[in-house]
Amino acid sequence: MADIKTRDAVKGTIKTLDKAAVAGERMKSAYTKTKDKAEQGYYAEENSPTEYAADKVSHASGRIKDEGIHQFNKQGQKNAEATRENIGKAKDKIADFKAKRAKKAAEQKTMRNKAGQNAMRTMGQDGLQEIQGTASRPAVSATSTKTETPQTAANSLIKTRQQGKRTIKTTARNAEKTVKTTAKGTVKATEKGVKTAKATSKTAIKTRSQTVKAAQKTAKASAKAAQKAAQTAKATAKATAEATKGTVKATIAAVKAIIAGTKALISALIAGGWIAVVIILIVVLLGCAVSLFGGGSDSTSYTPVSAEVEAYTPLIQKYAKQYGIPEYVELIKAVMMQESGGKGNDPMQAAEGSFNKKYPHQPNGIKDPEYSIECGVQELKAALTSAEVESPIDMERIKLALQGYNFGNGYISWAKTNYGGYSYANAVEFSAMQAQRLGWEKYGDTQYPAHVLRYYPYGRAFTSGGNQAIVEVALTQLGNEGGQPYWSWYGFGGRVEWCACFASWCADQCGYLESGIVPKFSLCSDGVNWFKGKGQWQDKNYEPQAGDLIFFDWGSNGSIDHVGIVERCENGTVYTVEGNSGDACKQQSYPVGSGSIYGYGCPNY
C-alpha cells in the first residue's frame, strides 16, 4: 500500500515536468513562426530585412533561453517541492497505518514498520537526489548553449526533458524494487519468526505434555506401589490368621485325639486285659504327642471323625463286643468315616460283602444303617483275623487287613503268599491284575489303609509319609520293557518316549493325580513348568527326598530330556527309579549336583 502511494507521488512529479516540456514546445513554435515572418519581410524597418530578422531571432533566442530556463527552473523547484510534500504525506500515512497495525500484533508489525521505514528512507533519498539532479541539469545546458542556435537550444531542452523522464522512471523503478525487496524480506522474516514461534510453541507443548505424562506415570507407580504394599500387608495378615487358625485346629485335634484315646482306653478296660490297656495307654500318649508337636505329612495326619459317625458309637460298641473285637471300636469308626462319613442307609458300605444276607449285593444295597454296621463289623473282624492282627497298634498287619476289607479277603492270602504281607506296591499290583481280569479301568483303592488311618487316633504315630508310596509303586515295575501299559494308559495309540508317562502312571496309582499332588504330563518340560509354577522346584545342587521327581539335561544346554523318581539320597548319591532308561524300567544313581541333573520337582505329599 505504501509503495502504491509512492508511485502516485512520482507520477505527479512526471505530470509537472510534462507541463514544462509543453511550455518548451510552445517556445519552439513561437520561434518557428518568428523565423517565417522574418523570411517573408514582416519586420523590415531601418535595417535590411535580413538584419532585422537576425536581430529579432537573436532577441527571441535570448528571450527563449532566459524565459525557458527561468520557467524550467521554477517548474523544477515546484515539482521537487511537490515530490517532497507527497513523500512526507506518504510517510505520514504509512506511519499512521503502522500505528494501527501495531495495536493488533506488536512484535510482528514492529518488524514490518522498521523495514517499511528503512525502505521509504532509501527511496526518499534516492528520489530527491535524482529529482534535484534533474532540475539542475537545464542550467548547465543553458550555460553550454550560449553560442548555440535557437534550434539547438530547443533540441537540448527536449533532450533534457526526455532524460528527466527516464531518470524519474528509473528512480520509480528502483524505489519500487527497493520497497518490494524490503517488503518481501520483511514478510519472509515475519513468516520465519511465526514458524519459529510455532515450533517453539510445539516444543513447549510437547515438553509440557511429556512432563505431565511423566508426572502421571509417577503418580500411577506410586499408587501401584501403595496398592501392592496394602495387598502384601493384607496377605501377611491373612497368612497370620491362617497360621493362627491352623494352630487352633491342631490344638483342637490334639484335644480330640486325647479324648479319642481316652475313649479307646475305656473301651479296652471294658473289654478287659491289662496288657492291652498298657499298650493302648502308650499309643494314646505317643499319638497325642505327635498331634501336638507335629511330624509326618498332611496325608497321614489325624482327622477326627464326623458327628454323624460319632452318633453311631453306641451301635458300633454293641456289635464290636458282640463279635469279639471291642478294642477296635476306633478302627471301626475310622472305616465308617472313610466309607461314607456316617451318611446314608449303608454307612459301612457292607452290601457287597459276604455277611449281607438280607439285601442286594450292590453298592448301597443295604437299607438299614444298623444292619450295615453289623455286617461291616463282621467283615472287618474276618480281615483282622486273616491278617493275624495282634493288637490295635499292630499297624503293618492292620494295613493288610484294611486293604483286604477294600479289595476282599482274597488279597490278604495272595499278599501273604507272594510277599509275606502288605506293601503299597503289591496293593497296586493286585489292583492292576484284578482290573485286567475283570476288564475294569480301575479296581479298588490302592491307598485305602492310609485313607482310613487318617481317622484312627493311633495311625499317625505308626504310618510312614505319603512320599514313599510312589517309590514302592515304581519299584514293582523294574524290568518292564517297551513302556506298556504306561504310554497306552496316557492315551497314545503307539509307543512314544515314555519316561514321563511312567512317572505319571506311578503317581496315578497312588491317587496323586486326582488329589493334584503330581501333574499328569508326557513332556518333561511340562512337568518342570508345573512344579516351577507351584513354587515346588529345586536346582541340581539340592539333596532330594524319596518321592521327588528328578529331571535331566544330558547336554547341559537347557533342554529337559528325561525324568525319573527319586528312591533315596544317601552319602552324596541320588538313587532313582526311571522309566524308558534304555527302553526299560531301571534303577540308576548320580552324584548330588551332577551336570546331567537339571533340577527337582518336589510334590507336596
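## Strand pairing and the sheet

Two strands pair if DSSP finds at least two bridges between them. Strands (E, at least two residues) and helices (H or I, at least four) are DSSP runs, numbered from the N terminus. By that rule β2 and β3 pair in the antiparallel sense, over four bridges. Opposite Phe551 stands Val563 in β3. The structure is a predicted model, in which local features need pLDDT of at least 70 and side-chain atom pairs count only at pLDDT 80 or more, while totals for chains, interfaces and linings use all residues. Residues are numbered from 1 along each chain as its sequence is written, and side-chain values use heavy atoms, with hydrogens and water left out.

The sheet is open and has six strands in the order β1-β6-β2-β3-β4-β5, with antiparallel pairing. The edges are taken by β1 (537-538) and β5 (586-591); each has a single partner strand, so one side of each is left without a neighbour in the sheet. Strands β3 (residues 562-570) and β4 (residues 573-578) run antiparallel and are joined by five bridges. Arg568 has Tyr575 in β4 as its bridge partner. The two strands β3 and β4 form a hairpin with two residues between them, and Asn571 in the turn has a positive phi of about 50 degrees.

## Helices across the sheet

Helix α15 (residues 467-475) lies across β3, β4 and β5 and runs at about 115 degrees to β3. Helix α19 (residues 524-533) lies across β1, β2 (549-552), β3 and β6, at about 125 degrees to β2. Axes are lines fitted to C-alpha atoms, for helices over the stretch in contact, and angles run from 0 to 180 degrees between N-to-C directions. Contact means heavy atoms within 4.5 Å.

Gln509 belongs to helix α17 (residues 499-509). With a relative accessible area of 14%, Gln509 is buried (buried is under 20%, exposed over 50%, partly exposed in between; 1.4 Å probe, protein chains only). Apart from neighbours within four places in sequence, Gln509 is in contact with Tyr424, Val428, Thr446 and Val473.

Tyr605 is found in the segment after β6 (597-601) and is buried, at 12% relative accessible area. The side chain of Tyr605 reaches the backbone oxygen of Gly547 at 2.6 Å. This is a polar contact (a pair of N or O atoms within 3.5 Å; within protein, one must be able to donate a hydrogen and the other to accept it, and residues adjacent in sequence count only if both atoms are side-chain atoms). Tyr605 and Ala469 are 136 residues apart in sequence, with their C-alpha atoms 9.9 Å apart in space.

## Aromatic rings

A search of the whole structure gives 25 aromatic pairs. One of them is Tyr490 with Phe492, stacked at 5.4 Å centre to centre and 10 degrees between the planes. Rings of Phe, Tyr and Trp (its six-membered ring) pair if their centres lie within 6.5 Å; planes under 30 degrees apart count as stacked, over 60 as edge-to-face and the rest as tilted. Tyr490 is partly exposed at 21% relative accessibility, and Phe492 is partly exposed at 31%. Ring pairs also link Phe407, Tyr411, Trp414, Tyr419, Phe430, Trp440 and Tyr443 into a cluster.

The charged end of Lys520 sits over the ring of Trp489, 4.8 Å from its centre. Lys520 also lies over the face of Tyr490, at 5.0 Å from the ring centre. A charge sits over a ring if NZ of Lys or CZ of Arg is within 6 Å of the ring centre and within 35 degrees of the ring normal.
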